[in-house]
Amino acid sequence: MNQREILAFIDRLRKARTFEDAAHTLLRAMLDAALAALAESGFAGRGKILRGMAHWRPGDGYRRLVLLDDTQRGGEPTINYLPSVSAWRWVVTRECPIAIDVPLGRVWTWQNESANLFQEGGFSGQDSVLRLTSRDTSHLYAIPLRTLHGAIEGMATVEAGCPRAVGDDFIFPAIHESLELLADLAAPYLATLPPRPAATGATDDLLPVMGQSMAGLIDMLRVFAQQEETLLIGGPTGAGKSRLARWCHARSVRREAPFEVLDLIAVPEELQMAELFGWKKGAFTGAVRDTPGCITRAFKGTLFIDEIDKLSLKAQAGLLQLLESRTYRPIGDGAREQQANVRFIVGSNVDLYDQVKAGRFREDLYYRINVLPVQIPPLDERRDEIAEWARFMASRRHRESVPGGEARIAAGVETLLGEHAWPGNLRQLDNVVRRAYALALMTHGEAGSEILLEEKHFARALSYERGSGRRSTLDDLRVAAGAIVEEAERQQGKGLVFDLDLCDAFRGLVLGTAVERLGSRDAAFRLFGKGAQVQARNHHKMLRRELEKVEALCKALGEESGPFRELRDDEA
């Protein structure tokens, strides 16, 4: 790339307002460089540059996934497959870009302008090769995306189809430096830009509520659900990991087969292997008959192993062997091994890498299951969903007693629920709703076709909660800050900029609220230690100046008339 092209590329990155904008800028430049190299190579007219992909996956899970597909015409490309998981492992472990000859499994890199063959036939297993070749990919180039501190938190890839070039270096020796430069220039933007606001999409029985805070994650899960690779769902207890695992199964190619759950928190260590693989009669004390394990019961379907960190080291070794060989033998069975035809989803509420460092979780098993990691945020970070989940839970509870009945939640409940912290997440909220429903039945006497859960029912239900009282003032301020950030993201999506200086209006909001509550300007200023201004009669001017900032904020938010109109009229 020449200097002019580099400057133009940087200018496009500077104009990007979202991660997706910057990713498309990077991928378009990479594909254009590959197309130009192909046209000048000996393979011109014999191959195609197919697509570029960028994904961002910090240690705890995938955050963004962007596709630019030159084989699709019209509209936004539909993501129906993933960047190569095997390529990601190579990039992370070798900490450098790699080129892959897919059919032969060759992995190459370039150092000091000479090609170095990492491993002959060592790229991946046969399944990964088939997945790539099924989308016409014969050659793939993968580049790490690094933060400014040098950590690899993502990867960009270029896929090409050129059967005539199998066994050859193809075009990548000519452009690897340009591709690496593009990735290094784009990575800081990708690391800091916000995501494009996602559409909340359709809901269903398994996922009845989806707020803006979860929409981006669900978009990626729609893609992950269709894969055969292991899916790792992290998140706090009660956040909904089991529900999302079942939702992914329902959208997979295995949807017609069984969905089995192995919750390790309920299984003693000495029985974990037996529950997983099953046992033959007489294999141990109490084994009075042949019993199939979870693997057998989930045949052709999905097995969700929850609380994977509770797996003993012995059982971890057995699970690792199962994942690698796809074979197993029931406890006490001397016959030949059986094939495990099952897709694995695992869940954990702890940082598994911390468990690896502490010696409580096998490192090789960690890398074997950390293929498609996602992290479900706690309910306190999904506050836009709290009221909708409460309505869903109340309706579900009522329909259990009165089929076809309707349960409603009174005005004011949403505010009440929003003022509380939810360390127990959806599970805790469900308990509160059940409690409020029971209290509503006591008020109404019996369950009619309709029932109203009032604010007083929820207030009493919440009074039984420990450690989930009203949020702290700092928590409330963080919620307000989150609302401003969301507004800035919405305006950014429209090509606008929300000026940070507008946040100075918070002082005016505080003062105006205090004046309205106390009914006196003097009292409001003294409340905040501004008695000297009251004495000097300067507080009227100060209030007018702060209310002008509030008015400017309201205009930026598109509000026709902001609060404190009477105060402004009085000032006039």
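# Cavities, strands and buried residues in a predicted model

User: What is the volume of the largest cavity?
Analyst: This is a predicted model. A search of the whole structure finds three cavities of 30 Å³ or more. The largest cavity has a volume of about 70 Å³.

User: Which residues line the largest cavity, and how do they divide by class?
Analyst: The lining includes Leu207, Val209, Met214, Ala239, Gly240 and Arg243. Leu244, Ile376, Arg382, Glu385, Trp389 and Leu426 are also part of the lining. By class, that gives eight nonpolar, one polar and three charged residues.

User: How does a search show where empty space is left?
Analyst: The method rolls a probe over the atoms. The size of that probe is the size of a water molecule.

User: Which element gives the largest share of the lining of the second largest cavity?
Analyst: The second largest cavity holds about 50 Å³ of space. Its lining is made up of Ala99, Ile100, Asp101, Trp108, Trp110, His139, Asp168, Asp169, Phe170 and Phe172. Two elements give two or more residues to this lining, β3 (98-101) and β4 (106-111). The largest share, three residues, comes from β3.

User: How many residues in the lining of the second largest cavity are nonpolar, polar and charged?
Analyst: Trp108 and Asp168 are among the lining residues. Trp counts as nonpolar and Asp as charged. The lining divides into six nonpolar, one polar and three charged residues.

User: Which residues of β3 point one way, and which the other way?
Analyst: In a regular strand the side chains alternate between the two faces of the sheet. In β3, Ile98 and Ile100 point one way. All four residues named for β3 are buried, and those pointing the other way are Ala99 and Asp101.

User: Why is strand β2 largely enclosed by the rest of the structure?
Analyst: Strand β2 covers residues 64-69. Buried means under 20% relative accessible area. β2 is largely enclosed because the buried count among its six residues is five.

User: What is the bridge partner of glycine 52 in β2?
Analyst: Strand β1 (residues 48-56) is joined to β2 by six bridges. The two strands run antiparallel. Within β2, the bridge partner of glycine 52 is leucine 68.

User: Which strands stand at the edges of the open sheet of five strands?
Analyst: The order in this sheet is β9-β12-β15-β8-β16, with parallel pairing. An edge strand here has a single partner strand, so one side of it is left without a neighbour in the sheet. The edge strands are β9 (259-263) and β16 (372-375).

User: What does the twist average from one strand to the next in this open sheet?
Analyst: The sheet has five strands with parallel pairing. From one strand to the next, the twist averages 20 degrees.

User: Which residue in β16 is the bridge partner of isoleucine 233?
Analyst: Strand β8 (residues 231-234) pairs with β16 over four bridges. The sense is parallel. In β16, the bridge partner of isoleucine 233 is valine 374.

User: At what angle does helix α7 run to β12?
Analyst: Helix α7 (residues 241-250) lies across β8, β9, β12 (302-306) and β15 (343-348). Its angle to β12 is about 165 degrees.

User: Is alanine 29 buried or exposed?
Analyst: Alanine 29 lies in helix α2 (residues 19-40). Leaving out residues up to four places away in sequence, alanine 29 touches Phe9 and Leu182. Its relative accessibility is 15%, so alanine 29 counts as buried.

User: Is glutamate 229 buried or exposed?
Analyst: Glutamate 229 is found in the loop between α6 (212-224) and β8. Among the residues it touches are Val85, Arg131, Arg343 and Leu372. Its relative accessibility is 16%, so glutamate 229 counts as buried.

User: What percentage of the residues of the chain count as buried?
Analyst: The chain has 22 helices and 18 strands. Its C-alpha atoms fill a box of roughly 85 × 75 × 45 Å along the principal axes. Of the 572 residues, the share that counts as buried is 47%.

Definitions and conventions. Residues numbered from 1 in each chain as written. Predicted model: local features only at pLDDT ≥ 70, side-chain atom pairs only at ≥ 80, totals over all residues. Heavy atoms only, no water. 1 Å grid on protein atoms, 1.4 Å probe; cavity = no way out; pocket = protein on both sides within 12 Å on 5 of 7 lines; lining within 4 Å. Points joined across faces, edges and corners; volume = space filled by probe spheres on them. Buried < 20%, exposed > 50% of the residue type's maximum accessible area, 1.4 Å probe, protein only. Pairing = 2+ DSSP bridges. Axes fitted to C-alpha atoms, helices over the stretch in contact; angles between N-to-C directions. Contact = heavy atoms within 4.5 Å.
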